[in-house]
Amino acid sequence: MRERGSTSPGAPAPLRAPHVLDITYRRGVGGSCERFLAGLARGEVWGSRAADGRVIVPPVDHDPVTGAATGEFVRVADSGVVRSWTWVATPLPEHRRDRPFAFALIQLDGADTSLFHVVEVDDPAGMATGMRVRADWHGTRSGSVRDIRTFLPVQLPGRPADRPPGQAPAAAPGGASEPENLAVVSEVRVSYTYEPGLTLSGFLRALGERRIEGGRCPSCTKVYVPPRVRCPACGTGPMTSVPVGDRGTIVSYTVVHLPVAGESTEPPFAWAWIQLDGADVPFAHLLGGMPVTDVCVGQRVRAVWVAGDRLAPTWESISHFAPVPP
Amino acid sequence: MTVEHRIAVVGFASRILHASDGSSDAELLAPVVDEALAASGLDRAGIGVVCTASSELGSGIVGSVMEVYDVLPCWPPVTHTHLEGEGAFALYEAWVRLLAGEADAALVCAYSRPLARDLSQVLALQLDPYLVAPLAPRSYHVAALQARALLDSGRYAERDLAAVVSARRTGLTPGAVLAQPYVAPPLREPDCSTTECAGAAALVLAVDPPASGAAGQPAWIAGIDHRVETSALGMRDLTRSVSTEAASAGLGLRGSVIDVLEVHAPYSHQELIVVDAIGARRVGALNPSGGVLPADPLGVSGLIRIGAAASAVSRDGAHRAVGHATNGPCLQQNLLCVLESHR
């Protein structure tokens, strides 16, 4: 945790730290959506026919208003009309496009609903609701909505003729195979600035000074480590900050035998609930300085702090807890 | 649905921070819970149902609700449910639980902090992961498609959007709005709500007779209706809000008189769409709280609209006030809550 940011004079600045959520999902597809994406891999666009006769593109399995199952699959054209649009003057990295473009809702010929996609023109003056566009397909396709690279304005009369609607583009090498076990890979990567709050900031800052601070409930006098915003038992707050010792007693423990992702300690190692002297609740930390087979409930342990130059407002200022010599 | 049961809003409090003061979720929420409970005249022991809402993807902290338990009246154990989404939807659940006779009073809370570097990226994660998200639109791109469709319908022009902005954002004339560059045409930056703020809201519901005994004039809930539309953007008529129309019809609001209407419209054009969809014959005051364009804390704004509508009844003498809450792209979900001075 880095210390920065402003706060009222006299009060220590709250801590802040960067935090990134980076999760990749591989989503199976199924249903009419799979038919649609498999069609895109072949250079075709398919919709589903609703009970009222409308052709829905992209297809759905059920009419969202009536709940009725949709019927046959219907092939539609890969050209159509822009029904709404907006302009992206500065593409973001995740757009993977090197020039400005439009997001648009496009009603393909033969469809009664619109497809969300991209239109490339030179500038927003080239965009208009009602304009005709056609799909520009990637040569290599995998069953993704991005198999259509973009939509392009339909050429004006006198220019080279467009393909007739509904005709698949020429299959490029590797482009015609039917995808197996179709899946959509979603990469979710979001950046945050984490703020642990004023109460926890004080606790973490104390750790950076080789101190452990607890919080005492002003009503029931229980001492919590780390301190809480309010007493979990009676709701009273704020708590009074009180120092607690860096020695305590093992309340419970487990031994980790398998490597844990993101954990640098080599297994086997022990992880214990430790109740510090002066505290009423335990917290979890690593054990060290003894064979894991020697760990037992009731054992007295003490904090082993990292070297002074490595002290920081983090739990890791305590390297581990080690047995107190008898 | 409308009901004859007598459940009222008896306490409400909210706060919005435009710049972080370093508070945690619990620190942000604690004074709001205290204030709402104090206004209700109830103490923590009187609360039998707690419903909370937040967005873990918005804050990036998985299981973040654990931290706020300490400030909630959850001990000794009461029914507590937490939802990822808009606080107004938690209100709906609390209301239903009281209707079902689970308890005599409920506390509803919502809180959020703008810890994500760019909330528009988080909101885009609500979009269809197969067909839309791979193209990586941000929330304002999708909203702009709706705004364009509304303008193309001929019902409104850009100057109407600018008039909404001018009414909600102090010191900004319509001309000054129109002079600003587009963020995603036809939307300009002031057309889009300011989401870089922290917010918390708490609302206390009580069943009669406790409601009558609580401090202040209770705002009786005449009905709540919550509707959702398809996630397939291209299947919807984006110029209308059919879910709001259905909710309004279900509550008997179409063609009625509403003294105070609080609309949750994260984009200027959405205020026009929602007001049209409610279809009241006359609205006495629209968004006297100021609306959400100046400050739109994720998942809290809708509950604040309902709290503001309740305050209009309990403090300002309105006979009938309506709070609106939305969630999802292009007004995908809409909830209306009708509050009345007479039960």
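In the predicted model, the side chains of Glu120(A) and Arg99(A) form a salt bridge, with an N to O distance of 3.7 Å. The two residues lie 21 residues apart and link distant parts of the chain. Glu120(A) sits in the loop between strand 8 and strand 9 of chain A, and Arg99(A) in the loop between strand 6 and strand 7 of chain A. Glu120(A) is buried, at 7% relative accessible area. Arg99(A) is partly exposed, at 30%.

A second salt bridge crosses between chains. Asp34(B), in helix 1 of chain B, pairs with Arg230(A), in the loop between strand 13 and strand 14 of chain A. The closest N and O atoms are 2.7 Å apart. Here Asp34(B) is partly exposed (32%), whereas Arg230(A) is buried (10%).

Within chain B, Arg138(B) and Asp118(B) meet at 2.5 Å, N to O. They are 20 residues apart. Arg138(B) is buried, with a relative accessibility of 6%; Asp118(B) is partly exposed, with 29%. Over all chains, 31 salt bridges were found.

Helix 4 (residues 87-99) and helix 12 (residues 301-314) of chain B pack with axes 6 Å apart, at about 60 degrees. The pair is therefore oblique. Gly87(B), Ala88(B) and Leu91(B) of helix 4 meet Gly302(B), Leu303(B) and Ile306(B) of helix 12. This contact has 4 nonpolar, 2 polar and no charged residues.

Chain A holds an open, antiparallel sheet of 3 strands in the order 4-3-5. Strands 4 and 5 of chain A each have a single partner strand, so one side of each lacks a neighbour in the sheet. Strand 3 pairs with strand 5 of chain A over 4 bridges.

How values were computed
Residues numbered from 1 in each chain as written. Chains lettered and ligands numbered in written order. Predicted model: local features only at pLDDT ≥ 70, side-chain atom pairs only at ≥ 80, totals over all residues. Heavy atoms only, no water. Pairing = 2+ DSSP bridges. Axes fitted to C-alpha atoms, helices over the stretch in contact; angles between N-to-C directions. Parallel < 35°, antiparallel > 145°, perpendicular 65-115°, else oblique. Contact = heavy atoms within 4.5 Å. Nonpolar A, V, L, I, M, F, W, Y, C, P; charged D, E, K, R; others polar. Salt bridge = Lys/Arg side-chain N within 4 Å of Asp/Glu carboxyl O. Buried < 20%, exposed > 50% of the residue type's maximum accessible area, 1.4 Å probe, protein only.
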